[in-house]
Amino acid sequence: MTAIKHALQRDIFTPNDERLLSIVNVCKAGKKKRNCFLCATVTTERPVQVNVVKVKKSDKGDFYKRQTAWALRDLAVVDAKDAVKENPEFDLHFDKVYKWVASSTVEKNTFISCIWKLNQRYLRKKIDFINVSSQLLEESVPSGENQSVAGGDEEAVDEYQELNAREEQDIEIMMEGCEYAISNAEAFAEKLSRELQVLDGANIQSIMASEKQVNILMKLLDEALKEVDQIELKLSSYEEMLQSVKEQMDQISESNHLIHLSNTNNVKLLTEIEFLVNHMDLAKGHIKALQEGDLTSSRGIEACTNAADALLQCMNVALHPGHDMLHAVKQQQQRFSDLREQFARRLASHLNSVFVQQGHDQSSTLAQHSVELTLPNHHPFHRDLLRYAKLMEWLKNTDYGKYEGLTKNYMDYLSRLYEREIKEFFEVAKIKMTGTTREGKKFATLPRKESAVKQETESLHGSSGKLTGSTSSLNKLSVQSSGNRRSQSSSLLDMGNMSASDLDVADRTKFDKIFEQVLSELEPLCLAEQDFISKFFKLQQHQSISGTTTNEAEEMDGGTLSRSYTSGVPQTISSEKDMIRQMMTKIFRCIEPELNNLIALGDKIDSFNSLYMLVKMSHHVWTAQNVDPASFLSTTLGNVLVTVKRNFDKCISNQMKQMDEVKISKKSKVGILPFVAEFEEFAALAESIFKNAERRGDLDKAYIKLIRAVFVSVEKVANESQKTPRDVVMMENFHHIFATLSRLKISCLEAEKKEAKQKYTDHLQSYVIYSLGQPLEKLNHFFEGVEARVAQGIREEEVSYQLAFNKQELRKVIKEYPGKEVKKGLDNLYKKVDKHLCEEENLLQVVWHSMQDEFIRQYKHFEGLIARCYPGSGITMEFTIQDILDYCSSIAQSH
C-alpha cells in the first residue's frame, strides 16, 4: 500500500500541488467489484483546500487516473455502519449517498480517522460521524492535547513529507561544510551534537543575563495593576452617580415616545376628519338648490346642475377602510341618498311636463305649415331642452330607472307629435302631386279624367295610410292606318297608364320638385332629432354597433327598455348607438310607410316618375351613408330605395310586356312602330334625369333589356306585317333606332347602335334589289343565256355565232326597251315605293337613290357583255346612263 501511495503522490497529486495524507482501497457496494482508491488530500498553497479524490486504474494500462473529486466541506455525514463489530462497509454523504466497501477494516478506520482530523484542523465544520468508534475520533483527548495534535508536527499525521526548497538548501550548505558527512556519518552527528550543546549554553547564559530585566518588568507590571485597580474604583463610583441620571433619562425618553405617538395619532385623526369634512360636506346653497331650485330659468338650471355634480362627487368619494363604519358617515350618506331621490323625482316630473307642453305648443303651430310643403322646425324646443343635458347625464348615472322613464315618455309624446306633422306634410305633398284640393276637388288645369284622379286620391288617402288600389292594366297598342307621327303617337303612347297628352315634361318636372322637397324636408328633420337625442340623453353616436337593422328593431316601449337594463347596467343592448337607432325608429315610425305611399302614388300617376324617384332617393341615401352608414335615416332611406328600385324595374318590365303584346293592323302600312318612338322618348327622358347620377348602372342595365326587347319586337312585327314589306319595316325602324342612339350617344349601347345600322343597311339593300327586280326583263333573260353559254365553255367572241344569241336577236330585244318605256317603268316603281314607305322617317329619296344606283349597275353590266361578246357590232342601248339619271330626277321632282 505504501508503494501505491508513493506512486499516486508522484504521478497524480504532486503535479497538482497536493499532498496525499490517507488512502483506502474500496469498491462500490452491491455491484461487480471494480476496485478503486479514495484519497484524502490537501493543497500545498494557502488557503489550504481539503478534498476526497476517487482514483482508479486505467483500462488501457497500468497507470492510475483521477476520476472524481469532492470538497471535504461538502461532506455532511460519515456512516461507519457499526461502531463495535468490524465491518468494511461505510457511507459518505455528499450531494448524494455513496456506499463503499473497503478492502479491510483497518484501512477504513484509518481513512475515517484522517477525515476527522482534517475536519478538526482545517474546517471546524459540523460533520456527523455516526456508527464510528470514539477511539477513532479521539473524543477523550483534552482540548489542549487536541490543539497540540492539531497544530503539532505534521509527521504525526503524515507518514511521508517532502522537504521544501529552503530545507533542501540548508542541508546542502551544511553538507558542503562537512564533506565527510556522507563517508563518516558518526563524525558528522558528533559535530552536530557539539554545536547544539554550544547553542544551548549560549541560550542559558542569555536567560540568566536577562533575569534582572525580568524583575524590573515584573515590578512595572505590579504597579500597572495597582493603577488599574484605582481606575476601576473611580469608574464604579462614577457608575453609581450616573445610575439615577440614567433612570431619569429613561423616564424622559419613554415620555417623549408617548408624546410623539400621541402627536402622530392626532395628526392622522385630523387628516381623516379633514378628508371626511372636505369630501362629504355639501354646501347649504347646493342643498337649497336641490330642494327648491328653479328648473325653468337658466340661472336656476345652472345652480341645480352644479349642486347635482357636487352631490354626485360627495356620494362617489372613495372612503378609506373603516369610514363606512362611522355613524356620522352613515347618516351623511343617507342624507345624500334622500337628496338625490328627491331631486331626481322633481327633475323627472318637470321634464315630463316640458315634454307635454312642447307637444301642445307644436300642435298649435301645425296649421300654418299645412298649406306650404314644409315641416315644422323643432330647433327652439331642442335648444330649450339642451339646457337640461347635464342634468340628464347626472340622472343617467345616479337613477337609471327615472332616466329610462323619461326616455320612454319622450318617445311617446314625440312619436305622436311627429306622426301628426309628417302625415299632414305627406297629405300636402300628395295633393300637390295629384292637383286636387284637400276636399277632393280638381284644379281646373289638371288634364286628367276626374273619376280616375278622384278614385286614386281617395284610395291613397284612406285611414290606413297605405295603398288600397292596384295599378291599372296597360292599354293595348294599336297601329293607326293614316295620319302623321304626332297624331299616331298621341293615340298610341301609354308608357305609364297615362296618355302623352295628359302628362308632359312640365308635369314630370313638377313631380320631381315635389319629391325632392319632401326628401329635403325629412333629411334635416331626422338629423336634427338624432343629434338632439344623442346630446340630450348622452348617447354616443360613434361607437361600434351590432348588425341589427332598422327593419329588425322592435318598437321600444317601457317593458323593452326595462328588460334591456338591470340595476342600472346595460345587459342586452350592445351599444348606445343601438339605443339611438331604436329611439329614432319609435319616434319616426310613420316615415317609411308614408314614403312608400307617396312613391306608390307617384308610380300610379306616371310610371316614368320612378326614374326621378330612383335618382333622388339614391342621392339622398348616398349622402346619408357618408354621414353615418348605420343611422336611422340611412337605413330607412335605404329600405325605401329598394321599393323605388322595384318600381323602376316594374316600369321597364311593363314596357317590355307592352312591346310583346303589340298588334298590327292588316289594312294600313306600319311605319315607325310605337314602341320604337316610345324608346326614344324614354331614352331622352332618362338621359336628362340620370345625368351624373349615382345609380347610372341601373339605367344601363335597363337600356340593355329594353333595346333587346325592341329589336325582337321589330323583327316580330316585320314578320307579321301584310300591308308593308318586311324589309321596309326593318329598314325604317332600325334607321330610327340608329338615329336615336347616335343623337343620344349612350355609351353602353354602342354595340346595339352598330347592330341597328347594320340591320338598316342590309334591309335597305334587300328592299332595293327586291323592289327594283329586273326592269329590262327580256334583255335580262337574253344576257342570262349569253352568260350561260360562256359558262359552258364557249368563248365570248363566239357567242354571236349562236343562232339564238346572234346580233339580230340582240337588236330585237334592245328595240323593245326605248327610253319612253324605261321612264314609264321607273315612274311606276317610284309610286310603288312611295306607298310602302312612311312620311315620318323620310327615307323615300334614300331608297330611290339606291334604286337608281342599282339600275345603273345593271345597265353597265349589259354594256360590258355587249362589248365583250359582240365586238365591233356597233350595237348600243337606246338610252344612256345620263338618260337614266334624268329620268330618275324628273320622276322624283314630279312627285
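Which residue forms a salt bridge with K430? The partner is E594, with the closest N and O atoms 3.8 Å apart, a salt bridge being a side-chain nitrogen of Lys or Arg within 4 Å of a carboxyl oxygen of Asp or Glu. The model is predicted, so local features need pLDDT of at least 70 and side-chain atom pairs count only at pLDDT 80 or more, while totals for chains, interfaces and linings use all residues. Residues are numbered from 1 along each chain as its sequence is written, and side-chain values use heavy atoms, with hydrogens and water left out.

**Salt bridges**
- By this rule the count comes to 29 salt bridges.
- K430 lies in helix α13 (residues 400-434) and E594 in helix α19 (residues 591-605), so their pair ties together parts that are 164 residues apart in sequence; helices are DSSP runs of H or I with at least four residues, numbered from the N terminus.
- K430 is buried at a relative accessible area of 1%, and E594 is also buried at 6%, where buried means under 20%, exposed over 50% and partly exposed in between (1.4 Å probe, protein chains only).
- E796 forms a salt bridge with R868, the closest N and O atoms being 3.4 Å apart.
- A network of salt bridges links E341, R345, D399 and K402.

**Cysteines**
- The count of disulfides, meaning pairs of cysteine sulfur atoms within 2.5 Å, comes to zero.
- C314 counts as buried at 8% relative accessibility, as does C869 at 1%.

Note on methods
Helices (H or I, at least four residues) and strands (E, at least two) are DSSP runs, numbered from the N terminus.
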